[in-house]
Amino acid sequence: MTEKVFIHAGAPSTGSSAFQMFLGLNATNIRAQGFEIAYPGRDGAQNGTLKMWLPAPKHDAVTRAYSIKKAQSNSRRYGRDPTLPLILSEENILGTMPSLLRGNFFSNAAARACHVKHVLAAKPIERLVVVVRPYDAFSISAYKKRAGIRQLPPFEQIAERLLVLEGGGLNVVHAFVEQLRSEHVAVVKYRPSRKQIELTAAVCPHLVSDQFVR
């Protein structure tokens, strides 16, 4: 398993923050088992330091190349051992919530997948787990979360735009499969009642979870 990568790609409003908080609580145990972990510190995830500097549609080739270097520098800055298998969780790999509200949440998926591949220096991906949610519930949840941060137009004015996403879920998964060439790919449906230990097993089944904080 040396240097292999296990990726959790949960879109916004699919429980990613809860999963990352779970990783933070169990970071010492996970590292004791010989794995590195990387996740952002959004919403209080303990010791989250990951910054992927993922590209936006407006970024040109020069900006994208610079962003790859920044993301790689971030990994070195926090002392992650590049020789160990890595568990990586990032909710914005597929796209961002502001992009969703503009109706183009998935339109940049191929460029983001390519960015991830280069940031990881083409290390072999053992597992890619993409968490999805039905568009109607997903859009409403994403709107509510974003509206808690900034003022938005009434939901009725942008609902149609939210439900006509460029690209679509199947194209997103295909783009990541094409770029990352993961040995195993799983598309997991979001369930509010799912225990974090279940998602951990889906992302990295090699972990022994008996002593995890739940």
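These legends go with a set of close-up views of a predicted model. Residues are numbered from 1 along each chain as its sequence is written, and side-chain values use heavy atoms, with hydrogens and water left out. Because the model is predicted, local features need pLDDT of at least 70 and side-chain atom pairs count only at pLDDT 80 or more, while totals for chains, interfaces and linings use all residues.

**View 1. The whole protein chain.** Here we have nine helices and five strands, where helices (H or I, at least four residues) and strands (E, at least two) are DSSP runs numbered from the N terminus. Going along the sequence, the order is β-α-α-β-α-β-α-α-β-α-α-α-β-α. The radius of gyration (taken over C-alpha atoms) is 17 Å, close to the 17 Å that the globule rule gives for 214 residues, so the chain is as compact as a globular protein of that length. That rule is 2.2 Å times the number of residues to the power 0.38. Along the principal axes, the C-alpha atoms fill a box of roughly 50 × 40 × 30 Å. Buried residues (under 20% relative accessible area, 1.4 Å probe, protein chains only) account for 46% of the 214.

**View 2. Helix α1 crossing helix α9.** The axes of α1 (residues 16-25) and α9 (residues 196-203) come within 10 Å and cross at roughly 85°. That puts α1 roughly perpendicular to α9, a label for angles of 65 to 115 degrees. Axes are lines fitted to C-alpha atoms, for helices over the stretch in contact, with angles running from 0 to 180 degrees between N-to-C directions. On the α1 side, A18, F19 and F22 meet Q196, I197, L199, T200 and V203 of α9; contact means heavy atoms within 4.5 Å. The residues of this contact split into six nonpolar, two polar and no charged. Nonpolar covers Ala, Val, Leu, Ile, Met, Phe, Trp, Tyr, Cys and Pro, charged covers Asp, Glu, Lys and Arg, and the others, Gly among them, are polar.

**View 3. Helix α5 and what follows.** Look along residues 109-119 for the buried residues of α5: A109, A111, R112, A113, H115, V116 and V119. Just after the helix, A121 takes a positive phi of about 55°.

**View 4. Two loop residues with positive phi.** N47 isn't a glycine, yet its phi is positive at about 60°. N47 sits in the loop between β2 (36-38) and α3 (61-77), and is exposed (over 50%) with a relative accessible area of 62%. R181, also not a glycine, has a positive phi of about 55°. Its place is the loop between α8 (169-180) and β5 (184-189), where R181 is exposed at 58% relative accessible area.

Note on methods. Angles under 35 degrees count as roughly parallel, over 145 as roughly antiparallel, 65 to 115 as roughly perpendicular and the rest as oblique.
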